[in-house]
Amino acid sequence: MDGLDREILGVLREDARISYRDLGVRVGLSANAAADRVRRMVRDGIIRGFTTIVDPTAGPRPGLVVFIDITLRLDTTNEEFERVVLKLPGITEVVHVTGAHDYLVRATAADAAELDALLRTLKREAGVAQSSTRIALRDARATAGGTPR
């Protein structure tokens, strides 16, 4: 990966739907050369996918966005936890982290009752010993007119 690839990644983080023609213009390449670099980065695993970020308050079912710090029980493996949590509805991100907790989970819930049910499921079925939940109040990028990354 070189500087041009990093520049392409920066543009794609701002707008993953940009056309290859416009991407090429932004980084000084032809559309075909930009497309070839993006395809190579996908093939090499540098780009693992493209994601649509949906504002949970914009849909027909507005709700909560939550961040849950997770500490696993000593008898639970990472693989067991991930296998269970990735199948749960509302889970949008599961990140293994360093520090005081084992994982940071991002999720959506329709309301406090649904969040309570999710937390109970995590403890009962996913091997969670402790959790600490924060509720997102707003996304500063969205209110400032920025593009979510």
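Buried means under 20% relative accessible area, exposed means over 50%, and partly exposed lies in between, using a 1.4 Å probe and protein chains only. Welcome to a predicted model, in which local features need pLDDT of at least 70, side-chain atom pairs count only at pLDDT 80 or more, and totals for chains, interfaces and linings use all residues. Residues are numbered from 1 along each chain as its sequence is written, and side-chain values use heavy atoms, leaving out hydrogens and water.

**View 1. Leu74, a loop residue.** Let us begin with Leu74, which sits in the loop between β1 (64-72) and α4. Leu74 has a relative accessible area of 91% and is therefore exposed. Its C-alpha is 8.2 Å from that of Ala129, although Leu74 and Ala129 are 55 residues apart in sequence.

**View 2. The whole protein.** The protein has six helices and four strands; these are DSSP runs, with helices (H or I) of at least four residues and strands (E) of at least two, numbered from the N terminus. Starting at the N terminus, the elements follow the order α-α-α-β-α-β-β-α-β-α. Of its 149 residues, 26% count as buried. Contact means heavy atoms within 4.5 Å. Among contacts between residues at least 6 apart in sequence, 59% join residues at least 24 apart.

**View 3. Helices α2 and α3.** Here the axes of α2 (residues 20-27) and α3 (residues 31-43) come within 8 Å and cross at roughly 95°. Axes are lines fitted to C-alpha atoms, for helices over the stretch in contact, and angles run from 0 to 180 degrees between N-to-C directions. The angle makes α2 roughly perpendicular to α3; that label covers 65 to 115 degrees, while angles under 35 count as roughly parallel, over 145 as roughly antiparallel and the rest as oblique. On the α2 side, Tyr20, Arg21, Leu23 and Gly24 meet Ala31, Ala34, Ala35, Val38 and Arg39 of α3. This contact of α2 with α3 has six nonpolar residues, one polar and two charged. In these classes, Ala, Val, Leu, Ile, Met, Phe, Trp, Tyr, Cys and Pro count as nonpolar, Asp, Glu, Lys and Arg as charged, and the others, Gly among them, as polar.

**View 4. Helices α1 and α2.** Helix α1 (residues 3-14) packs against α2 at an angle of about 125°, with the axes 10 Å apart. The two helices are therefore oblique to each other. From α1, the residues Leu4, Glu7, Ile8, Val11, Leu12 and Glu14 meet Leu23, Arg26 and Val27 in α2. The contact of α1 with α2 holds six nonpolar, no polar and three charged residues.

**View 5. Helices α1 and α3.** Now α1 packs with α3 at about 90°, their axes 11 Å apart. This makes α1 roughly perpendicular to α3. Leu4, Asp5, Ile8, Leu9 and Leu12 of α1 make the contact with Arg37, Val38, Arg40 and Met41 of α3.

**View 6. An aromatic pair.** A search of the whole structure finds one aromatic pair. Rings of Phe, Tyr and Trp (its six-membered ring) pair if their centres lie within 6.5 Å; planes under 30 degrees apart are stacked, over 60 edge-to-face and the rest tilted. Phe81 and Tyr103 form a tilted pair, 4.5 Å centre to centre with 40° between the planes. Phe81 lies in α4 (residues 78-85) and Tyr103 in β3 (residues 103-109), so the pair ties together parts 22 residues apart in sequence. Phe81 is buried at 0% relative accessibility, and Tyr103 is buried with a relative accessible area of 1%.
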